[in-house]
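Please open the model in a viewer and keep the selection panel at hand.

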Amino acid sequence: MKCQQCQSRSAALHVTKTINGMRKEIHLCESCAMEMSGINVKENDFSLYKLLAGIIKDSISEDDFMEQADDMVATDTCSVCQTTYGQFVKSGKLGCASCYGHFGKRFMPSLKRIHTATEHVGKLPRRNRNEVQIKRRVTDLKALLMRLVAAEEYERATQVRDEIRMLERGGDLA
Amino acid sequence: MTYDALKKSLWMYASGPDDDVVVSSRIRLARNIAHIPFPEAASDEHMAQVLALVAQAQNNDAMQQFPTQWLSLSELDAVQLHLLIEKHVISPQLAQCSEHSAVMLSEDESLSVMVNEEDHLRMQVLLPGLQLHEAWRQAYALDEALESTLDFAFHDQLGYLTSCLTNVGTGIRASVMLHLPGLALKKRIHDVIESVTQIGLVVRGLYGEGTDAKGNLYQVSNQMTLGKREEDIIDHLQNVVRQIVDHEKLSRSQLIHDTPAALADRLWRSFGALAHAHIMTSKEATEKLSDLRFGIDIGLIDPPPKRPMNELLVMTQPGFLQMQFGDEMSPMHRDVYRAKLLREALADR
């Protein structure tokens, strides 16, 4: 379904509300929704409510709307363990590892608030220790490469580039 | 399965560095087995599967360095469960879901692995005094040993996945139990708690989350588990604990210097009550034992009772009294037995 505002991107947010027997449907893509409400979805996990509230507050009361938005988000369900977002919010507990993929976008801001970070840098499991260490090393090297290029230190940059290539082709850590 | 629940855990009788202020140090690691729902959403079959996999891992080659006993919680009675909680060997949460849970326990009980608590595995190393780094060394090795046959849920970016977002990443909770009577008497404890809370640490009571600080005992632990290395989390806690220890010792010397008679009167009165009372409630015992511990640690009450203070603290808890004196006890009976136990312990100096 296309976004009813820009008519080009596909709609990501769908709201249906019945007011005095009249059915009203709203379908928007994420960027139009953000533009119309003036709220950045990525900044706040609960902004979805506010976001939608901003868009349709003319037609329905905010309380009514919040209830509906709550219902919509609350029934979002992890396909692996069947835990709903509502259950997670209530108990504070996720049902399985897949919940991280399914609800990740919603709770990422909360996660950042709790830990002031979103990247694990500690102990790694034995089975993929090498693999993750290589990934971490490549990320670090790429950042270093950018700095070296910016500083016009091309000789060292070439060495770093070669190391990245070696690691990405399956080479091992020195 | 035979288990003597009255057995003392290492932290209850052994001494450790700085143990005049730091009662114990603990490292806990939360882990879940890959491809099985967390306990929150697990079926009975899933829980049984977790129990079977962990029981298998208990006997793998790498685990031979950690000989442990397997206790199925469903085979323990309510009093035994209570005792394990009072010894800090298991959490109250684990005891609540006793039908599908178990604990692996080392001979000296310094090492335990809870199975099917909030996460599939909660490994714990509990040592007397300030020994966070040693506890981490052991917890690391235990994690490695279990991992040699268990596949833990792990995400490249987020690290070890846990049921609660507050544990994700390292899954580590490093904590110390502190006895802070000096700061409490000088009425500086709230300042300390406030400043500690502002630097990413959490302060709780004796039995963890949601419990009051009884007997001037406080648990301080890390809050954040993601974005820092385990060693850095532990160093941070250790540094803060060192500062709290210094403040506590300063408060103690100020009390000894400024109000020696008032202090001696208070501590010896508590000794008197513990040594002679015939009815002692749990609350009163905890308070008076804090005074007694304080008196012993500053060399005022000398010689000290032969039984270590940590042992007395645990032995006067309801579960222990029930177990030692038998039968279903009314609270009044418990208070009488508690007083009896304390009189005997204090006569033995």
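The domain bounds used here come from an automatic or database domain assignment. The model itself is predicted.

Begin by selecting residues 10-250 of chain B, which the assignment gives as domain 1, and then residues 260-347, given as domain 2. The C-alpha centres of these two domains of chain B lie 27 Å apart.

Next, display the interface of the two domains. Here 20 residues of domain 1 of chain B are in contact with 18 residues of domain 2 of chain B. Together the two domains of chain B bury about 1,700 Å², and 71% of that area is on carbon and sulfur atoms. Select B:Met12, B:Glu86 and B:Leu185: these three supply 29% of the area that domain 1 of chain B buries against domain 2 of chain B, more than any other three residues.

What polar links cross this interface? Between domain 1 and domain 2 of chain B there are 0 salt bridges, while 7 residue pairs are in polar contact. On the side of domain 1 that touches domain 2, the elements giving two or more residues are helix 1 (10-13), helix 3 (78-86) and helix 6 (181-185) of chain B. Helix 3 of chain B gives the largest share, 5 residues.

Finally, select strand 1 (residues 22-31) of chain B, where 9 of the 10 residues are buried.

Notes. Residues numbered from 1 in each chain as written. Chains lettered and ligands numbered in written order. Predicted model: local features only at pLDDT ≥ 70, side-chain atom pairs only at ≥ 80, totals over all residues. Heavy atoms only, no water. Buried < 20%, exposed > 50% of the residue type's maximum accessible area, 1.4 Å probe, protein only. Helix = DSSP H or I, 4+ residues; strand = E, 2+ residues; numbered from the N terminus. Contact = heavy atoms within 4.5 Å. Buried area = accessible area lost by both parts, 1.4 Å probe. Salt bridge = Lys/Arg side-chain N within 4 Å of Asp/Glu carboxyl O. Polar contact = N/O pair within 3.5 Å; in protein donor to acceptor, adjacent residues only side chain to side chain.
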